[in-house]
Amino acid sequence: MFEISGLTHEYQAQTVLAVEKWQAGQGEQWLVLGKSGSGKSTLLHILAGLLKPSKGKVKIKDTFIESLKSSDLDSFRAQNIGIVFQKPHLIQTLTVLENLLLVPYLARKGNKQQIISILESLNMAHKQKSYPNQLSQGELQRISIARAIIHNPVLLLADEPTASLDDENAHNAIGLLQNKAQEIGATLLIATHDQRVKNSFSHTYIL
Ligand SMILES: Nc1ncnc2c1ncn2[C@@H]1O[C@H](COP(=O)(O)OP(=O)(O)O)[C@@H](O)[C@H]1O
Ligand SMILES: [Mg+2]
């Protein structure tokens, strides 16, 4: 599903990430562990095509993403990749539903009916007309998980998705990501330094 080779990234003349070889198959669930500053966010940004590595190749499905021109990379990302950040980054002046409707607009995949059924499966359908500032941290993170899966991405990336959550919500968020990734057949990669993440993962990568 994705394949990395000879990857390095430098920042201010320091190598902040080096991955010689890494292959992940379709539907695999990876926990990426590493302390703060070990390069987790750098790796996820590179896999999402948001950051160009200093060296190396990244193949997602059958596409070497470094070979795409910028506008093609944007549509490749919109179609194939789902991202959950530590903070939800919702637009405060739009309702939950309006925020989520941006995904089918950008990805040209998914529709309102699918959004409602995802919200129902997350027990959040009753909050579709709420504004982000009316939701709790756990609810916001569920909405950002919903946003990441509406377009059935092949690769679901989550960068420290539990960092702003209490124990119960942290556990639930990881479980939800795992269940949803399995439902849509996506490869899942969760980066964390959170010692509380003890759910079982088929694979672990330590940075
Ligand atoms: N744009 C940037 N701004 C500041 N620091 C950066 C930047 N890019 C890389 N770094 C440095 O790269 C290293 C890895 O950072 P990061 O990928 O954020 O690690 P992690 O997510 O594991 O905490 C850090 O030492 C960080 O200071
Ligand atoms: Mg980080």
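Biologist: Which element gives the largest share of the lining of the largest pocket?
Modeller: That is α3, with five residues. Helices (H or I, at least four residues) and strands (E, at least two) are DSSP runs, numbered from the N terminus.

Biologist: What kind of model is this, and how are residues numbered?
Modeller: This is a predicted model, where local features need pLDDT of at least 70, side-chain atom pairs count only at pLDDT 80 or more, and totals for chains, interfaces and linings use all residues. Residues are numbered from 1 along each chain as its sequence is written, chains are lettered from A and ligands numbered from 1 in the order in which they are written, and side-chain values use heavy atoms, with hydrogens and water left out.

Biologist: Back to the pocket. What is its volume?
Modeller: The largest pocket has about 460 Å³. A volume here is the space filled by probe spheres set on grid points, which are joined across faces, edges and corners.

Biologist: How many cavities of 30 Å³ or more turn up?
Modeller: The search of the whole structure finds one. The largest cavity has a volume of about 40 Å³.

Biologist: What sets a cavity apart from a pocket?
Modeller: In a cavity, a 1.4 Å probe fits but cannot get out. A pocket is an open set of points with protein on both sides within 12 Å along at least five of seven lines. Lining residues have an atom within 4 Å of a point.

Biologist: Which residues line the largest cavity?
Modeller: Ser41, Leu44, His45, Ala48, Leu50, Ile83, Phe85, Leu157 and Asp159. Elements giving two or more of its lining residues are α1 (40–47) and β7 (155–159). α1 gives the most, with three. By type, the cavity lining has six nonpolar, two polar and one charged.

Biologist: New topic. How many aromatic pairs are there?
Modeller: Three, from a search of the whole structure. Rings of Phe, Tyr and Trp (its six-membered ring) pair if their centres lie within 6.5 Å; planes under 30 degrees apart count as stacked, over 60 as edge-to-face and the rest as tilted. Phe2 and Trp22 are edge-to-face, because their planes stand at 80°, with centres 5.2 Å apart. Phe2 is in strand β1 (residues 2–11) and Trp22 in strand β2 (residues 14–24), so the pair ties together parts 20 residues apart in sequence.

Biologist: Is Trp22 buried or exposed?
Modeller: Trp22 counts as buried, at 3% relative accessibility. Buried means under 20% relative accessible area, exposed over 50%, partly exposed in between (1.4 Å probe, protein chains only). Phe2 is buried too, at 2%.

Biologist: How do Trp22 and Tyr205 pair?
Modeller: Stacked, 4.0 Å centre to centre, with 10° between the planes. Tyr205 lies in strand β9 (residues 203–206) and Trp22 in β2, so this pair ties together parts 183 residues apart in sequence. Tyr205 counts as buried, at 17%. Phe2, Trp22, Trp30 and Tyr205 form one aromatic cluster.

Biologist: And how many salt bridges?
Modeller: Seven. A salt bridge is a side-chain nitrogen of Lys or Arg within 4 Å of a carboxyl oxygen of Asp or Glu. One of them joins Asp167 and Arg196, at 2.9 Å, N to O. Asp167 is in helix α6 (residues 167–184) and Arg196 in the loop between β8 (187–192) and β9, 29 residues apart.

Biologist: What about Arg77 and Asp74?
Modeller: They form a salt bridge, with the closest N and O atoms 3.2 Å apart. Both are in helix α2 (residues 70–80), three residues apart, so about one helical turn separates them. Arg77 is buried, at 16%, whereas Asp74 is partly exposed, at 40%.

Key. On a 1 Å grid over the protein atoms alone, a cavity is a set of points where a 1.4 Å probe fits but cannot get out, and a pocket is an open set with protein on both sides within 12 Å along at least five of seven lines; lining residues have an atom within 4 Å of a point. Ala, Val, Leu, Ile, Met, Phe, Trp, Tyr, Cys and Pro count as nonpolar, Asp, Glu, Lys and Arg as charged, and the others, Gly among them, as polar.
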